[in-house]
Amino acid sequence: MQFEKNTVIGEVLINAPETAPLFQAIGMHCLGCAMASGETLEEACAVHGVDPDAFIEKLNAFVASRVQ
C-alpha cells in the first residue's frame, strides 16, 4: 500500500495502525479526534510544519519494511 498527499489520516491508521508513532513523533498527538481522522496527510503536515513529501516517503518506507 502506498500513501499519497491526498490520503486521509484515518485511512492510514485503519490500514496501517502501526504507523501511529510516526505521526506522534512529528506532533500529531490527537490521532483519534474527528479533525485528524478527516485530514489528508498534506493538510496535517502543513498544520504541523512538516515537509509532506519527506513524511510520506518515511511513512511509505516504514510500511513497506513491515510487509516483508
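Author: Helices (H or I, at least four residues) and strands (E, at least two) are DSSP runs, numbered from the N terminus. In this predicted model, local features need pLDDT of at least 70 and side-chain atom pairs count only at pLDDT 80 or more, while totals for chains, interfaces and linings use all residues. Residues are numbered from 1 along each chain as its sequence is written, and side-chain values use heavy atoms, with hydrogens and water left out.

Reader: How many helices and strands does the secondary structure of the chain come to?

Author: The chain has 5 helices and 0 strands, in the order α-α-α-α-α along the sequence.

Reader: How does one judge the radius of gyration of the chain?

Author: The radius is taken over C-alpha atoms, and the globule rule is 2.2 Å times the number of residues to the power 0.38. For 68 residues a compact globule would have a radius near 11 Å, and the chain agrees, with 11 Å. Its C-alpha atoms fill a box of roughly 30 × 20 × 20 Å along the principal axes.

Reader: Which residues of helix 5 are buried, and which are exposed?

Author: Buried means under 20% relative accessible area, exposed over 50%, and partly exposed in between (1.4 Å probe, protein chains only). In helix 5 (residues 52-67), the buried residues are Pro 52, Phe 55, Ile 56, Leu 59, Asn 60 and Val 63. They lie on the same side of helix 5 because they cover an arc of only 130° around the axis, the arc being that of the directions from the helix axis to the C-beta atoms. Glu 57 and Lys 58 are exposed on the other side.

Reader: Against what do the buried residues of helix 5 pack?

Author: A contact means heavy atoms within 4.5 Å. The buried residues of helix 5 pack against helix 1 (9-15), helix 2 (20-25) and helix 4 (41-47).

Reader: Which residues in the largest nonpolar core touch the most other members?

Author: A nonpolar core is a set of buried Ala, Val, Leu, Ile, Met, Phe, Trp, Tyr and Cys residues joined through side-chain atoms within 4.5 Å. Among the 18 residues of the largest one, Ile 9, Phe 23, Leu 41, Phe 55 and Leu 59 touch the most other members. Helix 1, helix 2, helix 4 and helix 5 each supply at least two residues of this core, and helix 5 gives the most, with 4 residues.

Reader: Where does Cys 33 lie?

Author: Cys 33 is in the loop between helix 2 and helix 3 (34-38). Its relative accessibility is 28%, so Cys 33 counts as partly exposed.
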